[in-house]
Amino acid sequence: MPCEHYKDALVEVAASGAAPQGELRAHLDECASCRAGFGGEQTLFAAIDSGIHAVANTEVPLSLLPRIRARVAGAAPLGSSWFANGPLWACAAVAVVALFAARGVVHKSAENQPPASKASSPPSVQAAQLPLVVVPLKGAVAHVSQIRALQNRVVSLSMPEVLVPQDQEVLVAQYAQQWQRHKPATLVAEDADWTTLTPSKPAPIQINPLDVKLLKEVESQ
Amino acid sequence: MQELVLIQPVSAARSGLVREEAQAEARREFEERLAECGPLAYRVARGVLRNDADAEDVAQEALLRAYKGFERLRDRNRFRGWLVRISFRLALDRLRSAKRREQRDATWSAPARLASPITAEDVAASNQFQSHLEGALAELPEKLRLALLLSAMEGHTIEEIAAMVGVPVGTVKSRIFVARKKLAEKLRCHANTIKMR
């Protein structure tokens, strides 16, 4: 049988790395040129494997990991991506929607103003005065009260809110945290001499007399 | 007048603390993965680019991307495969852009461009077959190249490669077999330069 017939099969066997079997084995035993060719193929594949191994397992520079660590340290902390602050964005979105809705209600009610009052004054003055005097804010008030009710419900579900000066926000948070953990909170005026302290006397609040007018009078004016 | 802000001290402090702890934990975990898989990212990039400096750049970029997306990775056991795919993709992008740049430069400065002469020392110093092999490897289709490189890298099993690349085991075997045969076809004419070790 011609050697050409076995050529492809021998290449396949060399590529797979297996030992030739049956008819192939018998042919190799009796054909010196095919044996040499098969040997050459085995050498070729061994060289390819060795070369690939060298390429794939090349030395890693020592500077690689420190440089990556430096870049990672310089990057934003994990979880600081925009969608990680989901609740914050949700609140902002609700606030924007509420703002637009309230504005829309005000505009709508401005359009419902009686035509007589529109005719009596120039448009620019009219627009400036609408929300203050004439506008029936029934819808808007209802809407705002709904939002407030919703806000109150959200607040009551979580923790109480406290008004603090801006620069003391962190301090109060830390104090509350300590309190929450049942640890004795640090007293700022621990060493103060309480005997020398006198109760403060705030000046009485002065309220200017209110000028109350009936709505009818305002309209006639 | 002093400006006041409305806060929820306990819940804000608690959520801040929890977030910080989670971040620290994720960072610790990433650090472990970095030490384990950093070299792999470099080697994948090096296998594609055949250039140490470019490979290091790509590995850094890949790991930085992996860091940024680490919290989105639900199954952390898949980090290795994920990183391999990022590195491979980035390396290919860089290779393509380098090729485009080369073509553009060649178009603009063709007459002035001359191949640097190869000295006798260069020839003696280089392993000819290895350079032919690297050239042939670069011409392999991407999928075949990646499978072949991973099979020779860090003793990965066929199953591990299948998991990393996201294809069945049989596909990996077939890719490796075809890749080796293609390389053999290209390198048969250079078989006389094989340096036996």
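Modeller: Let's begin with B:R50, which sits in the loop between α1 (9–49) and α2 of chain B. Helices here are DSSP runs of H or I with at least four residues, strands are runs of E with at least two, and both are numbered from the N terminus. Residues are numbered from 1 along each chain as its sequence is written, with chains lettered from A and ligands numbered from 1 in the order in which they are written. This is a predicted model, where local features need pLDDT of at least 70, side-chain atom pairs count only at pLDDT 80 or more, and totals for chains, interfaces and linings use all residues.

Colleague: Why is B:R50 called partly exposed?

Modeller: A residue is buried with 20 or more other C-beta atoms within 10 Å of its own, exposed with 12 or fewer, and partly exposed in between; C-beta atoms are placed from the backbone. B:R50 has 17 such neighbours, so it counts as partly exposed. Its phi is near 55°, a positive value in a residue other than glycine.

Colleague: What makes B:E154 partly exposed?

Modeller: With 13 other C-beta atoms within 10 Å, B:E154 falls in the in-between class, so it is partly exposed. B:E154 lies in the loop between α6 and α7 of chain B, and its phi is positive too, near 50°.

Colleague: And why does A:S16 get the label exposed?

Modeller: A:S16 has 12 other C-beta atoms within 10 Å, and 12 or fewer is the rule, so A:S16 is exposed. A:S16 belongs to helix α1 (residues 4–16) of chain A. A:F45 is 29 residues away from A:S16 in sequence, yet their C-alpha atoms are 9.2 Å apart in space.

Colleague: How do you know that B:R85 is partly exposed?

Modeller: The count for B:R85 is 17 other C-beta atoms within 10 Å, which makes it partly exposed. B:R85 is in helix α3 (residues 79–108) of chain B. From B:R85 to B:V44 the distance is 9.1 Å, C-alpha to C-alpha, across 41 residues of sequence.

Colleague: What share of each chain is buried?

Modeller: In chain B, 32% of the 197 residues count as buried. For chain A, with 221 residues, the figure is 10%.

Colleague: Why are α6(B) and α7(B) called oblique to each other?

Modeller: Angles under 35 degrees count as roughly parallel, over 145 as roughly antiparallel, 65 to 115 as roughly perpendicular and the rest as oblique. Axes are lines fitted to C-alpha atoms, for helices over the stretch in contact, and angles run from 0 to 180 degrees between N-to-C directions. The axes of helix α6 (residues 142–152) and helix α7 (residues 158–165) of chain B come within 10 Å and cross at roughly 135°. That angle belongs to the rest, so the pair is oblique.

Colleague: Which residues of α6(B) and α7(B) meet?

Modeller: B:L146, B:A147, B:L150 and B:S151 in α6(B) meet B:I161, B:M164 and B:V165 in α7(B); contact requires C-beta atoms, placed from the backbone, within 7 Å. By class, that contact has six nonpolar, one polar and no charged residues. Ala, Val, Leu, Ile, Met, Phe, Trp, Tyr, Cys and Pro count as nonpolar, Asp, Glu, Lys and Arg as charged, and the others, Gly among them, as polar.

Colleague: How do α4(A) and α2(B) pack?

Modeller: Helix α4 (residues 64–74) of chain A and helix α2 (residues 52–68) of chain B pack at about 40°, with axes 10 Å apart. That angle makes α4(A) oblique to α2(B). On the α4(A) side, A:L64, A:R67, A:I68, A:R71 and A:V72 take part, meeting B:E56, B:A59, B:Q60, B:L63, B:L64 and B:Y67 in α2(B). By class, this contact has seven nonpolar, one polar and three charged residues.

How values were computed:
Two residues are in contact if their C-beta atoms, placed from the backbone, lie within 7 Å.
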